[in-house]
Amino acid sequence: MKSKNIYRALVLVTIIYTVFACTKLKEEILDESLTGTGQAELVSGSIAPVYGSLRDVWLHTVNFGLQEIASDEAILPYRGGKDWYDGGKFIAVHQHLMTPSNSLVGDTWKKITQTLSKTVLAIEKLKPEAEKGDEEARKALPEMVAMRAYLNMMALDNWGLVFKKEKSSETSEILRKQEAIDYIEKDLLSALDAMGDDSYSGRLNKYSVMALLARLYLNAAVYRDPYGTPKFKKEDMDKVIEYTSNIISGPYELSAEYFDLFSDNNSANAELIFALDQRGVLQTEHQRWAYWSISGDQVPRPESPSTRGTDAAALTPDFYQTWVDAYGQVDPADADARFFKKNTIVPDNLKDLTGVNPSNDSNHYYCIKAEDFEIDRGILRGIIWGPRKDENGKILKCDDGGVRIYPVINTRTSGTSRTYVNHTLKIDFTAEGSLHNTGYRFSKYQFSHKAPDCCSFSAVDLVLIRLGEIYLMRAEAKLRNNDQAGALADINFLRTSRNARPAQTPAPLSKINLDILFRESGFELYWEGLRRTYQIRFGKYEGRWTEKTNNDAKKRLFPIPQQAIDGASSKEGFLVQNEGY
């Protein structure tokens, strides 16, 4: 299909941006089209900047980090008093004490509004060509209209506003509450009416648009009254059920192996509805969702010795406790295939580390081919194993050419005696709780075999919408419509479909309520940037968790960056700061 091939021949475009809403955009072509003509096609050249920039929106230090750290799912302390302080932006966001100068909030605003501007420009270029009868422009136009809605929904979710803008020469109109919902809905419905049946996940399609509509209606009660108690309307829930049911009856299937969703070459996974394609065309694919949480002493790809983690975000003990509460005396690693997958298989004779330490463990290793080594997936606890380097930074090898796998030495935490990396449950903002090893870790995304270093290149698409979320949304809408049986059936179908490892297949639940459904959403969707939205909708965002005691409902929305307000000061009342800031 030609519409798929267009994406694979996209060009890199950077748009130099100053102040949103009021400035003209300048394009700089950074790379030629892969067709060899030296001239990008209109469609490719219009949509490439949008998809390329969407990766920037979802960087770990942009919207992904903002959503994770603001929630009860993740925490990022000042590691060892030397790493990841970054002006205190992560600490303030986690404590819900951010200000209009917080750069995590500011960078997210900038990237979303920049990408939104590129989308408006793409619509402006494509529309006249589509009206002339250009078939590829006609296909791409509703896709960009849907992308405008998607980005505006992010802005609505983060700041309680959207930017109504039809032409790049216009100044945006700021909409809030029902007006904002109506504008997004109009874009999504118009896009849906014009889209075909293509189910390729690397670009927005009719199924991802239906998913966005379901998200919009499910969150509409929050968007109408961002600081109050949401009042869910039956007609909204009916629409959620309608659109999610259409998707469920479509071409997608739940993945039996949960972690295949987040592994190399997942583009072909039948569960993915919308993902950021990372197969090398744009040369901007990144590894941040894999590297951000794991230990900086781990070498996840021994054939590329420069690969590493960074000891940044970790699970809050509170989020881990939700798993413990659900499974009681059974280890969640044994009870739920979504919690953990064992990849690093340590021989039985090496598992006992009694009396073993970095000073006497030179022979305490096993051998494996470099390309066959895989770190464990899911939630990492305790001592980890991996390759080790010599004093010259070279991976220690076995006689057969394989790599030696040892308990990983903790080199990042200062001390007189060397120890192993031991991820502990306790993590907080104290000196002890902020050491590099503290906190259980997210290892949901595979560290790609394509990666040469910590951050660059990946063959793992970044998942933005998938069928698992669709089942959760339909179950929630049914439950809010008092259909407990229907909700329970959806949740149990979702749970028991993760059956590639039968011993770890989650058992069906015997009952369902909103608290159980919220807990289940955490098990299914952790480390996907959705937790904050779920917490707000379920009335959990004002709760207490590790290092967070603020219960101000005004913190549901982030502050509008002061720089943006100052930049729009020539137009009185254009940007009004959110309440509470």
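Asn 205 lies in the loop between H7 and H8, where helices (H or I, at least four residues) are DSSP runs numbered from the N terminus, as are strands (E, at least two). The structure is a predicted model, in which local features need pLDDT of at least 70 and side-chain atom pairs count only at pLDDT 80 or more, while totals for chains, interfaces and linings use all residues. Residues are numbered from 1 along each chain as its sequence is written, and side-chain values use heavy atoms, with hydrogens and water left out.

Asn 205 counts as buried because its relative accessibility is 4%, the term buried denoting under 20% relative accessible area, exposed over 50% and partly exposed the range in between (1.4 Å probe, protein chains only). Leaving aside neighbours within four places in sequence, Asn 205 is in contact (heavy atoms within 4.5 Å) with Met 195, Asp 198, Ser 199, Tyr 200, Tyr 252 and Ile 273.

Helix H7 (residues 177–194) has 18 residues and reaches 26 Å from its first C-alpha to its last, close to the 26 Å expected at 1.5 Å a residue, the expected span being 1.5 Å times one less than the number of residues. The buried residues of H7 include Ile 181, Tyr 183, Glu 185, Asp 187 and Leu 188. Those buried residues pack against H6, strand E4 (162–164), strand E5 (173–175), helix H8 (206–224) and H9. Lys 234, in helix H9 (residues 234–248), is exposed, with a relative accessible area of 53%; its C-alpha atom and that of Arg 480, 246 residues apart along the chain, are separated by 7.9 Å.

Not counting residues up to four places away in sequence, Leu 54 touches residues including Met 147, Tyr 150, Leu 151, Met 154 and Leu 464.

Elsewhere, the axes of helix H11 (residues 317–327) and helix H16 (residues 514–525) come within 10 Å and cross at roughly 115 degrees, the axes being lines fitted to C-alpha atoms over the stretch in contact, with angles running from 0 to 180 degrees between N-to-C directions. This contact is made by Phe 319, Thr 322, Trp 323, Asp 325, Ala 326 and Tyr 327 of H11 and by Arg 519, Gly 522 and Phe 523 of H16.
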